[in-house]
Amino acid sequence: ASCGSGSAPQPDLILVSVDTLRADHLPFYGGARDTGGDPAQEFSPSWLAAQGTVYATCWATAGETLPSLGSFWTGLPPLEHGGVSNQGTVTLPSRLPDLRRKRFAAAHALLANQSLRAGCGLEAGFDSYGLLFKANEPKIPAAMLARTAPEISAGRPLLVWAHFMAPHQPYAPPAAAADRYGAGTLRAADNEFLYDLHRQGRVDPGLREELLKLYDAEVRTASAYVQELLAGLDAQYRAAGRGGLLENAVVVFFSDHGEDLGDRYGYFMHAKSLYSGVIRVPLVIAGPGWRGGDRRATPLSLMDVLPLVLEGRAPASEY
């Protein structure tokens with residue numbers, strides 16, 4: 001499916017990425033907990049998955065944020081675009097400046113990961129590009145809505161990118177989210193705690209389950225941020241007399257990479273591994289031209305997503 005053709009107005013593009021979100025810990029990928037939010041509540045990730053197309057197998061190019069999202073924006077593997085680590089810089093231009101010339105009058109990004117700082121190579125082409133890290137992450141929906149309100153009211157073709165980070169270690173979810181999944185005495189796991197588990201080379205099954213509860217609670221927290229942003233955008237389109245969000249925009253929900261979560265050797269994080277838990281990421285596309293309830297088995301890479309959404313170009317066949 002493509003997202004527009006002929007002389008019909010082309011939809012806006014809303015990109016929502018969640019850092020360190022492992023696909024199989026979402027209920028619409030087989031996860032046991034309601035980490036995607038209430039499917040009956042509009043604009044939760046679980047609701048969005050029911051309204052759009054879910055790709056069963058989408059691969060990240062790396063287990064780190066900048067290399068992976070550099071591939072999303074450039075369509076190239078990390079060794080080609082140059083951003084081979086989170087401390088590096090994507091040296092080849094992203095697709096955004098060309099997209100701005102062809103299609104989008106405005107583009108705004110708000111991001112919660114410091115590796116996506118201005119200067120990382122992905123900021124070119126955005127009218128605003130900001131970092132809201134750690135305690136400031138919950139401010140991303142409201143801050144983005146302040147940027148989009150005049151654009152939507154004026155009907156300017158719009159691209160939005162919001163990147164949330166809650167599932168990334170350390171695992172320290174809000175108390176309400178931890179309680180939802182029955183977290184016990186372990187209420188948080190800092191980086192040193194997780195590093196020590198890996199140094200031991202093993203993790204007790206009971207402790208692993210407690211850590212999974214904390215991770216899933218962080219995913220549920222990120223889902224609430226996603227829902228707040230998308231519901232706010234929907235309200236802005238309706239206030240402008242344009243109908244709802246999914247009538248006006250294609251929404252792409254995805255992750256930069258997953259998490260090992262103690263599957264082997266007591267390792268819970270991501271940058272040291274390319275196992276499927278780390279590089280298989282969720283991908284949901286909803287909006288004009290995308291069928292609700294559709295599930296596609298065709299494997300694809302994050303490098304394929306923008307050409308697929310904007311041009312209807314099929315994924316590369318070699319995956």
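**Ground rules.** I'm working with a predicted model, where local features need pLDDT of at least 70 and side-chain atom pairs count only at pLDDT 80 or more, while totals for chains, interfaces and linings use all residues. Residues are numbered from 1 along each chain as its sequence is written, and side-chain values use heavy atoms, with hydrogens and water left out.

**Sheet.** I traced an open, mixed sheet of eight strands, ordered E5-E4-E6-E1-E7-E9-E2-E10. Strands are DSSP runs of E, at least two residues; helices are runs of H or I, at least four; both are numbered from the N terminus. A pair needs at least two DSSP bridges. E5 (128-131) and E10 (294-296) sit at the edges with a single partner strand each, so one side of each has no neighbour in the sheet. I then checked E2 (residues 53-55), which runs parallel to E10 and is joined to it by three bridges. Thr 53 has Asp 294 of E10 as its bridge partner.

**Helix on the sheet.** I found H8 (residues 205-239) packed on the sheet, touching E1 (12-18), E6 (158-164) and E7 (249-255). Contact means heavy atoms within 4.5 Å.

**Cores.** A nonpolar core joins buried Ala, Val, Leu, Ile, Met, Phe, Trp, Tyr and Cys through side-chain atoms within 4.5 Å; buried is under 20% relative accessible area (1.4 Å probe, protein chains only). I counted 58 residues in the largest one, with Ile 14, Leu 245 and Phe 253 among those with the most contacts inside it. H8 gives the largest share, twelve residues. Beyond four places in sequence, Leu 245 touches residues including Ile 14, Phe 43 and Val 251. A second, separate core has 39 residues, including Leu 15 and Trp 161.

Key
Axes are lines fitted to C-alpha atoms, for helices over the stretch in contact, and angles run from 0 to 180 degrees between N-to-C directions. Buried means under 20% relative accessible area, exposed over 50%, partly exposed in between (1.4 Å probe, protein chains only).
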